[in-house]
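User: Please pick a single part of this structure and take me through it closely. Give me some background on the chain-level picture on the way.

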Amino acid sequence: MSKNINISTIFRKFGLVIILVCMCILVGVLSPSFFTATNILNVFRQVSMNGILAIGMTFVLITGNIDISVGSLVAVSGVIVGKVLESISGTTNVFPAVLAAIIVCTCLSLISGSMVAFFKVPPMIATLSMMTIARGMALVISNGQPYILRSKMFAVIGKGSIGAFPLPALIFIVTLIIFWVVLNMTTFGRKVYAVGGNIKAATASGINCQRVILTVYGLMGALSGLSGIILASRIGSGSPAIAEGYEMDAIAACVIGGTSTLGGTGKLQGTLLGVLIIGLISNALSLLNINSYWQQIVKGLIIAFAVIIDTYTKAKRG
Amino acid sequence: MKKKLLGVVLAVTMVVSLGACGKSNTETPATEPEVKEEAAEQESESTPKASSDKEIVIGVCIKTLSDEFPRQIADAIENAAAGMDNVKVEINDAQADVATQLEQVENLIAKGVDAIILNPQEADGLNTAVEACVAAGIPVIECNTMTSNEDYNCYVGSSDVVSGRMQGEFIKEAIGGKGQIAIMEGVMGQTGQINRLKGVYESLVDVCPDVEVVAEQTANWQRDEAMALAENWIVTYPELKAIMCQNDDMALGALEAVKNAGKQDSILVVGVDAITEAVEAVQSGELACTVFQDAVGQGEGALNAAIAIVNGETVEKTIDIPFVLVTKENAADYL
Amino acid sequence: MAQEEKNVPLLKMSNIEKSFQSVKVLKNVKLELYEGKVLALMGENGAGKSTLMNILMGNYHMDAGEIELEGKPVLIQSPIMALRLGISMIYQELNPILDMTIAENIFLNRENTFVHTNFVKEKYVNQETDRLLQQFDVARKATDKMKELSVAECQMIEIIKAVSYHSKIIIMDEPTSSLSSDEEEKLFSTIRDLKAQGVGIIYISHRMEEIFNIADNVMVLRDGEFITSESIQNVTRASLIKNMVGRELSDMYPKTKCEIGETILEIKDFNRKDMFHNISFQVKKGEILGISGLVGAGRSEVIKAIFGLDPYDSGQIFLKGKEVKIRNTQDAIQSGIAMVSEDRKAYGLILCRSINENISLAHMNQFCKGIFLNQKQEKKECESIANRLNLKRRDMGQPTGDLSGGNQQKVVIAKWMLRQPDVLILDEPTRGIDVGAKTEIYSMMCNLASKGIAIIMISSELPEILGMSDRIIVMHEGRLTGELMRSEATQETVLYYALGGKNNE
């Protein structure tokens, strides 16, 4: 009896880790190239863009909101980088381009945030409109043509590495640590949980809920900008048509990681696992050369399976 | 004060002219020769068979003007028509929607145009449109893509199988008919994906027993997905000789991965479409080749076929506008 | 009584056992209900009353035991079965479908009661509803939307709904918790009518007055065990409380006298259109000010406006003689005002978060080290308050949703004790809380008052108002109608003003 309880406790606490490890072992057995250093680093490099988005999305979901405009914001970010780099071509200083991309994305997200916080627009609708607006903006700014990014300095962001460790992955991990600290060790983090848990009670406890929601959306925008910069640098182009559907992967990562879409609960360590699981699925499917027709089904099934196992083990407690 | 006024006038003029530019693609030719048109109609009542000095009205249904390639076709048709003094074209943008396109075709039939050039959004979805044209006795010329209903009068375009075949032949020669290759596909189920794959198999895989397709997966025409996929392949298949991509965007993504892995000398990357960035990469020797699809040729070909049919001439059921393989040698011609 | 025992009981439950995950919540419980009688089911929260009733309604399945209806054993597996067998229940938590009309709510899923087709005969349904509304003196039309109704009216609709099933047995779980005394009286007369028709009623309530007013028999549960079942004539308040808590409670209201100092909070000419008008009052250091009135008199609206939760149109607020502007809750908290809302699940707690987080929520800045939260110190202080309030818990990280009503209320109060406020507003502080916890909250109020906090308490329970307040102000339809000192206040005087009596008449 007590042994049973122990196993289920372990599974509840580390269920996702176990799933992840099992997946790794399975893929490792089936494909010898999986456990090579290059491949592992590749996975880290590939997940970093979605990872950065998922960090912001975790915050948004914890406050009980959602943001489906992040894919479009990623595109805007890349296009802005392209536009600014084009207009200051000749200098090696890419800082203005990076800064402009982050600022523009933050502002756009703040607009969605205001719609949600002040005008009480349902977050799905507010960010749906922003999704269309931002995509349109990206097309208008770029005139529909991708910018070719030739700056060598800029290429470092997405392609560079420190030692053997890819720079995008490093940016992701540093961002993750910073946001983990914010969520778990500051009053702001507490407020984020409180607003999502019960906005009325949070208001009655003197929390400025509108400001919290606005800030969370602002952060989401900034992170979308960052993610877009890395993506643009990685593929060497700022394309207005790119990153469609990225929001879904980010939301999926959070949900796999145990963040409730109802708000109030969620952990960044879970999100990290969710991001890795999703990244691993793509990696494994291509390493194992699984038929493209089947890939989508397999991916959907694995996501559903992970979430069911996680919810089931958690529900058992109650 | 006067300067201010001047500024305002200038600004207004610019806005108006900008608006006009934006519209000119579609509307200007439609409205300009209105008077002429009426006269032509009166005449046509008496002489049902159009003669060469009578105005011919041709409806053009393009699947979407937001995509580069269909837009080039539309531009080509328009420019060619502008050069002829008795031909008027009406261009319709279906905005990538089957229902919209069907409506547009029906409207053109109701208007009584002389012929319709159809660039179908879907192979099956526009069969009804072809049926309606046949019933109304209006000739249909399909351009770039075909409907599965083969009652159209003429198809002008390039066969996707041919572009795949060109890639295959190029690679066969380049790798000496043996080695590992990987094929990167577009969105699964689209005709481009299916037929280009067919071409590669016909020209390379099926004829060279020593060529091994180690991976065959989709990157959905997207550059970022292509890059991640290529990274994974490079790790898994160290002996990889070539990555064959079904469009240039994916090829450029794969190329980034190859360059990052330092495998430029051992892995060849090829694409299709000849977009500017890709041609530049071919010129600099990074991309092995791309395939040029002739939008202008297709557009002009379709228009000429339409005029010929209206004038009672017979044309071939299928007019093939050939692809051109773009390699380092001829890249400069396509920039 | 001897006679009754000879009759076959309407409902007999015996040897009922129920466990939740190896915790026994009902041990060998029995219950007998007779035709035309009201059985009061008493016990502290967590005693097993709700579980027992949920078994009867088919919401839970018992582990062992028998249920007999009029002598015949039955197996009740779902609420629908219970309804078919003639058992209906008025739940404590109301779940009206807000966008539906009153008629639709009452006849939800029974639309074909009148005509046997699946097409809803709105006319008949509405006619019948209007008849019922009239019978219960509810000034509403059948076609009014539920969302237009006050909580009390919703409660009345819930009662009407249960009655409309023509059940043989009706269970009422705290039916009066949000009713005014007027409506309460209507409910009681309905109960008497139902009794006359031979309906058996199981009545759950924490209010002693009601029990003695309406019940024929009283049954007490404690910790899942059957303690006693007696005729009402044979029990006294004291014996009942003793049975419920298992110990003597010398005094329900442990009001201690404490030094009343200078005025802390003064409200002048508070107005909000359609809600309240010209409200002025003040509360002094160490004083407990009771605000009485019927439900809907505007009491909660006034204090919500003072706390910055609701807007007000005009008026002034003075704290320690200085005027303060309160535009939102942040302003109020900063000025030293704290409020415990009547609806603790909506406004008091974040149920999915820990006790610790809930307690520190309003005063997190207190634990700030730079931008960081000093979680060690936070936990230490929250824990010491929790200990002081005798908060029953597994650990400080436990979600507050797991706690019982009384302990949840303690968490809400603990939140405001972290930094001692000048003014503490308590809106129905003991609603839905068992007797033991009630007393604890009362003594805590006295304790706080003795520390110099000015306390404002809204309560719909007259004995509580009379027992705890130093001074009482009474509201009627958005206006202040009376002010009474502790010494001059009686049930009658308070009620007189609550029903609209004028101060100078």
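**From chain A to one strand of chain C**

In chain A, the mean position of the 20 positive charges lies 13 Å from that of the 6 negative charges. Like everything here, that value comes from a predicted model.

Buried residues make up 54% of the chain. Of the contacts in chain A with a separation of 6 or more, 78% join residues 24 or more positions apart. The accessible surface is about 13,200 Å², and carbon and sulfur atoms supply 72% of it.

Consider its two faces. In a regular strand, side chains alternate between the two faces of the sheet. Here I169(C), I171(C) and D173(C) point one way. I170(C) and M172(C) point the other way. Note that the buried set includes D173(C).

Next, its neighbours. Strand 6 of chain C, residues 87–90, pairs with strand 7 in the parallel sense over 4 bridges. Strand 8 of chain C, residues 200–204, also pairs with strand 7 in the parallel sense, over 5 bridges.

I170(C) ties the picture together. It is the bridge partner of S88(C). It also has I201(C) in strand 8 as a bridge partner.

Key. Residues are numbered from 1 along each chain as its sequence is written. Chains are lettered from A and ligands numbered from 1 in the order in which they are written. This is a predicted model: local features need pLDDT of at least 70, side-chain atom pairs count only at pLDDT 80 or more; totals for chains, interfaces and linings use all residues. Side-chain values use heavy atoms; hydrogens and water are left out. Buried means under 20% relative accessible area, exposed over 50%, partly exposed in between (1.4 Å probe, protein chains only). Contact means heavy atoms within 4.5 Å. Accessible areas come from the Shrake-Rupley method with a 1.4 Å probe; for residues, only the protein chains shown count as cover. Lys and Arg count as positive and Asp and Glu as negative; His and the chain ends are not counted. The place of a charge is taken as NZ of Lys, CZ of Arg, CG of Asp or CD of Glu. Helices (H or I, at least four residues) and strands (E, at least two) are DSSP runs, numbered from the N terminus. Two strands pair if DSSP finds at least two bridges between them.
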